[in-house]
Structures are given as C-alpha cells and as structure tokens.
Amino acid sequence: MSLNLKVHGLSIEYDSAAILDGINFELQGGEMVALLGPNGAGKSTLLRCISKALEPTKGTVFFNGREAGSLTAGELARQLAVVPQDTGVDFDFTVEEVIRMGRFPYYKGSRKNKINHEAIVHTAMEITGILPLRHRSAATLSGGERQRMVFARALCQEPELLLLDEPTANLDIGYQWELLDIVQRLNREKGVTVIAAIHDLNLATLFFRQFILLADGKVLAFGSADEVLTEENILASYGVQASIFRHPLHGRLQVSVGKDSMSPLQKKGRGREKRVHVIGGGQEALPVLEALWEKGYSLSLGPVSREDSGYNFAHFSDIPVIENPPFSSISDETYQEHLKLMHESKWIVLPPISFGEGNLRNLEAMADAIAQGIPGIVFGDKVEERDFTGGKAVGILERFKEQGVLFVNNTEEVLDCLKNNE
Amino acid sequence: MPLKGSGKKKIARIRRGTLFLSLILLLLATVFAAIVLGAASIPLKSALAVLLSPFTGLNGLFKGVEVTEVQRGIILQLRLPRVIQAAIVGASLSLAGAVYQGLFRNPMADPYVLGVSSGAALGAVAAMLTGGTLLFAGFTAVPLFAFIGGTSTIALVYYMSRVGKFVPVMTLLLSGIAVSAFLSAIVSLLTYFAGENLHQVVFWMMGGVSGANWSRVVAMLPYALIGFCCIYYYARELNVLLLGEETARHLGVNTERVKIIILAAASLLVAAAVSTSGIIGFVGLVVPHLIRIAVGPDHRVLLPASALLGAILLIAADTLARNIIAPAELPVGIITSMVGAPMFIYLLKKRKKLRYFNTGG
C-alpha cells in the first residue's frame, strides 16, 4: 500500500510569474512528509500539481515510476486521496452520502469483487469520529466537522498516497491532534505515503519526520527536522527571526518566532530606573519574570545555570543575567557580580525558589543589598517547605521581615507592591 | 426534522417509493383528464374504451359504451399525441434543468442559460422565414434547424470558455449568458423583418404543443430516450460533481468527458423540445427544485422524478391552455410562466434557501 512519488523539474506559471520553479524531490513509499513554507510559497499549488488538479507548465510527476499523465482519473483516485484546504459545501447531501462518494472509484466491477463498501464507509466514519453526525446535512456542519467529513471521505478511497492541504486549519487542538494521530497510524500501519501542507511548525515536528520547506516556489530544504528547521532557513523562508529549541517535555524541535520583532519593541522605555532584579531561576521564577516583563519593567536575573529555564528567558529577552556553572555553589566572583547587578536595580524580588547550601549565598547577597537600602519583595509562602538548609534560610527571611522587606504570596501582589511604591 | 438512528435510511427509502408511486398515479390521472377535457367534451367511459381497446381482454367492460368515429379521431389523432408530446417536452425540459443546475451548481441554471434555447430559437426562426415547409430526412426544416442551432451554440459556448485543458463552470455560465443575449438579439432582429411570417414566428416563440401529431411524437421520442439514458447513466457522476469539479476529479470522475456527454445529451433534449414546442419557460427551473425539496439532491432519484413531474405539469398546463378560453387556445408558455414564476418566488420565500443550494452565507 505504499507509493513511491517522484516530482521532477516541476514548474508552473501564472501570467508568466513562476509559482513553482523547478521542484525536484523523491519520496520512498511509506514516508510522512510535512510541507512547510510561508503563505504564497506554492504549497497548495504543489499539492494540486501532484493530484493533477493543475497542469504544470514543465516537469513530470511519477507514481511508482509511472507518469501521472498516463493514469486515468479512476486509477489515480484509487491511489491518491486529497483533503483540500477549502471544504465549503453548498448542497444538501447527508454527511454519510458525501463520505460514501469516496467509494466512487471502486464501484465499477465491484459486484464481482464483492467489496463491502458499507463496512469501509462505516469504519472511516468511526475512525474520524463523524459517525454520530452521519445523518446530518453536510451543509449544516461546522468548519471542523466538515474537515473531518472530508477526511473520512479520503479514507474511503483507501489511498496509497494521501495529500493534505492544511488539514488542521479549522480544527481545535483536540481534533488537530486526533486527525494527525490517525494520519500517523495510517502511515505506520498501512504504509500510506503522506504529504501534508502545514502551518503550525511545532505541530509538524510532533508528527512528522521528514520536511520539505518551500520558499518562492523552490525547495529551500528537504530532510529531517534538524536539517530543515534552522534559524537561517526560517529567516530565509518566513522572513522572521526564530529561536529553535528542543521542547522540555518531548524533546522535539520547537520553533518560536518573534525574537527580533518583539523584544526591541518591548525594550523601549525599559530604563534602569524601572529595573527589577529577580533572584534565581527555574519554573518558580518564570511566572514573575514574565509578568514583570509584560508590565514593562526592565529586568536582570541570576545567578542561574545554563540549563535553567530562567537562563533561556534571559537569553531570549536579552536581559542581563549572571551565569553560574551547573551543580556548583556560588563563587566569590559570582557573588560580587550578583551584588553589582542588585545595586543597579530599583527592587529585588525573591521568587518562591527552594533554598539549599548551594544558593544560600544569594540570600546573603540580598541581605547585603537590603542593608544598603535597596527595597526587596519576598514570596513568603511555605518557606519552611522550601528550606533545605536546616533553618538557615528561614532565619535570614525572618531578619528580612524585621528590616521591613515586603512579603507577598503571589505575582499579583508583587505587581501591586511595585505599582504602589513607584 | 432530523431523525436519529438507523431508521432514517429506511424512512428515506419509503419516502422515495411514495414519491414515485404518487407521481405515476398523478401522471395517469393527468393524462385521462387531459384527454377527457376540451372543446369537444368526451365522456370518461368513451375515453377509457378507446384507450384500452388494444387490451382485448378488457373489452367486456365497455360493452355498452358507444364511441363515435369523431370521438375516436379526437382522442387518438388529436388529444393523445398532444398529451404525449407535452409529456415528452415537459420531461425533457425538467431533466435538462436538473442537469444544468447540478452540473453548474447553480440554482438559477435552466435550459435557457448557456444559450441552448436561444440557438434553437434562432435556427427555428431562420427556418420559418426561409419557407419553413421543407422536408428533410423526416423532419420539417423547423425542428432540424432548431436542433442544429441549439447544439452548435452549446459547442460554441463550450469551446469559448475553454481555459487550457479545463472548462471552468463559471466561465461556461458567463459565456452562455453572453451568447444567449447575442442570439436573442438576432432573433428579435429577424422577427422585426418577419413580414407575413410574423404571426407564425411570434406564436411559436410563445411556446405550445398545439400542432402535435404522431409523426412529431415519433420524431422526438428517440432523442428524448437517448438523452435520458445518457444522463441517467451518469447520475452517480453528477452527484460527485456536486462536490465541485476538482473534488470530483480527485474522486475519479473524468470530469471533462462526463461534462461533454451530459451537456450534449441535455442540449439534445432542449433542442428537441424547443424545436417542436417553442419557448416554454419555468418548467426546467421549478420542477427540479420541487423534487429536491421532497427527496434531496441524489440524481439517481432526482432525474426520473423530475422527468415525471415535468411531464405532469406540462400536460396539466396544456390542458388548462386549451380550456380556459375554449374553443380558442392560449400558448402554454404563458401558463407555465404565470404559474411557475410566482411558485418559484413562493418557494424562495418559504424555504429561505433552496435545499441543496445553501446559498446563504
């Protein structure tokens, strides 16, 4: 059931403007490829050329070595199914009737072959979760339901090659995941070759192993996620700065855009007079960092190790950060740097981090700064549970309280404190 | 009224069965009414005796019924061929309307877009003005010229709309409207210079089956049958084409070939109808919509049901045309337009959207 697809020198022009310009690639049967690229890069056009909906100006498409042009409409429809982008329906067929039309290419001679069309239709409806809606009029479906109906129809064709044009565009995240999961199962269990044009790069890396990146009608990159999803390629095709990193939970590549276009804009008016220093990093510090950044404060951070999520935040937002080597205590040098950074700030915030022997010196540095008149804000919630120093940290915080340091329980209170004391 | 569960399919089947049964009964009733009613009144018993006389087994039923030769002549030589011609014309126009609406996915499509009827009209008028009584291979010149005019117009429109390898539906419709307007203008121009033939031309253009006779019926029937069979053969393809041409191609329909065959078949039906009966409006537009409202857009049901209902409506309209101002007659085209147009507006208002064409945004 898998199909070898070869696209050779494919070009198409509209009014002498090249939409596709010499596309070449070959897919072995059973691959699952995400077709990426900005709007107007030619993704849909490429898919439509492969499905013979458009006639290329130059070049050829081969299915299992056979030229696509030599296949009849019926032969093609038994090998290839398309889930198009625009699935507008303006007639009053029931959902089931529309889905059953996916069996059309198999009707001729099917009495002899004894194909159980109804069972195939039923399974397709079941898989796509459209079964409860099968008697509804197709015209009354929502965008997402229509998408699933069209997908079910494509399944009825029992294709060897499945072309999907923005299959998840109209779907909520639940159905996006479900649909791509079905596609992946088809690919793995039945060896169906899949090409899907997709906008959501991060969704693409979750389900696809192969990528084609189009830009200006040409193949800019073709290969694995690491080969295709680079900062240079994203800039060259989509025209935006992006940060590429591995997702902390599943380890797939993630593309986060907006580094260049967002931070300079937001850096405006973030002078030192509004600088807030946040001690330590990790998941505990991120909410308060994000909230302060959003409210327009300029920030500094530290000390954190390179693996820390706070470090990534500082790196992405381009704010001063003190780096401490991983798994090591605070050195004298770091201590001094930290002190210097705190002196440059208007406020010091201590997020609800845990305290160990390793980072106790950060509290000492904070005490130092407070003694010199820099106001502090401390998350005072459940300090005992976070103290792994045998009460030393709690002791320091007790002293802070006597010195008039503000204690808060959540991020909103931090913002209130800062606002009231401006 | 959406019903849930598997009973829904059974209900749809029962609904279709009921539709066909009632259409056939209605057709029989209309045929008898059309034969009985008229300037010369004929008792129902006499009509039945004449019509059922070929079935010798039933002769015993009509022992006491007296049928004069005049009555027999009226029934067999005037009314019966007229009823049959009305049925064929009504069925052909409705069938063509259903096909055009489906193929072009346009609720307003009917045999008169695409210029088919204008082309046929031009051919017919040209024939009338140049003599009109010529006989040519079993045809009088009028139907033959109408047929040539109609089919060559659709061919012209089709090739005019060609973009590369494909013929997009929108271009086809627009070219049809333009060509239709152009040909209608020529028809008007010819009518202007019609001179002594003016009456014939104008009366023909108003539409009607008044000149019906057996030789016309026999000449038309093969075209109607060929047209219907060709179209019905592609009923499933027509269903798939409703999803859009690109989707239909993806589902394995050879759209270009199917379109040519179906268009040619429908144009054959229209040309045959127009050449014998002139311009009869609204049958082709309204009938398919009525059927869709009853049983949905599936062409396997829609096509035969539209043909039946079209036949019924045109027989009824013609009977009305013969009887309103008897012994004089009205052109049937006036009746169909006067009844059809308000009916269509009523449907539009009542349904808001016509079933299968969800044109609302």
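**Domains, confidence and nonpolar cores of the predicted model**

The centres of domain 1 of chain A and domain 2 of chain A, taken over C-alpha atoms, lie 49 Å apart. Domain 1 of chain A spans residues 5–257, and domain 2 covers 268–420. The structure is a predicted model. Its scores are ipTM 0.77 and pTM 0.79.

Chain B contains 14 helices and two strands. Of its 361 residues, 49% are buried.

Confidence in chain B was considered next. The mean pLDDT of the chain is 81, and 88% of its residues reach 70 or more. Among its helices and strands, helix 13 (residues 299–323) of chain B has the highest mean, at 93, and strand 1 (residues 135–136) of chain B has the lowest, at 50. Residues 1–5 of chain B stay under 50. The model gives this stretch five contacts beyond four places in sequence. Residues 354–361 of chain B are also below 50 in pLDDT. That segment has 23 contacts in the model beyond near neighbours in sequence. Where pLDDT is low, predicted coordinates should not be read in detail.

The largest nonpolar core has 189 residues. Within this core, A:Leu35 and B:Leu269 touch the most other members. Helix 3 (residues 69–103) of chain B supplies the largest share, 17 residues. Setting aside residues up to four places away in sequence, B:Leu269 touches B:Ser92, B:Leu95, B:Ala96, B:Tyr223, B:Ala224 and B:Gly227. Another core, of 39 residues, lies apart from the largest one. Its members include A:Val276, A:Leu350, A:Ile353 and A:Ala369. In soluble globular proteins, nonpolar side chains tend to be buried together.

B:Ile279 counts as buried because 23 C-beta neighbours fall inside 10 Å, and the cut-off is 20 or more. Beyond its neighbours within four places in sequence, B:Ile279 is in contact with B:Ser117, B:Ala121, B:Met205, B:Gly207, B:Val274 and B:Gly333. B:Arg72 is 207 residues from B:Ile279 in sequence. In space, the two are 31 Å apart, C-alpha to C-alpha.

Technical notes
Residues are numbered from 1 along each chain as its sequence is written. Chains are lettered from A and ligands numbered from 1 in the order in which they are written. This is a predicted model: local features need pLDDT of at least 70, side-chain atom pairs count only at pLDDT 80 or more; totals for chains, interfaces and linings use all residues. Helices (H or I, at least four residues) and strands (E, at least two) are DSSP runs, numbered from the N terminus. A residue is buried if 20 or more other C-beta atoms lie within 10 Å of its own, exposed if 12 or fewer, and partly exposed in between; C-beta atoms are placed from the backbone. Domain bounds come from an automatic or database domain assignment. pLDDT is the predictor's confidence in each residue, from 0 to 100. Two residues are in contact if their C-beta atoms, placed from the backbone, lie within 7 Å. A nonpolar core is a set of buried Ala, Val, Leu, Ile, Met, Phe, Trp, Tyr and Cys residues joined through C-beta atoms within 7 Å.
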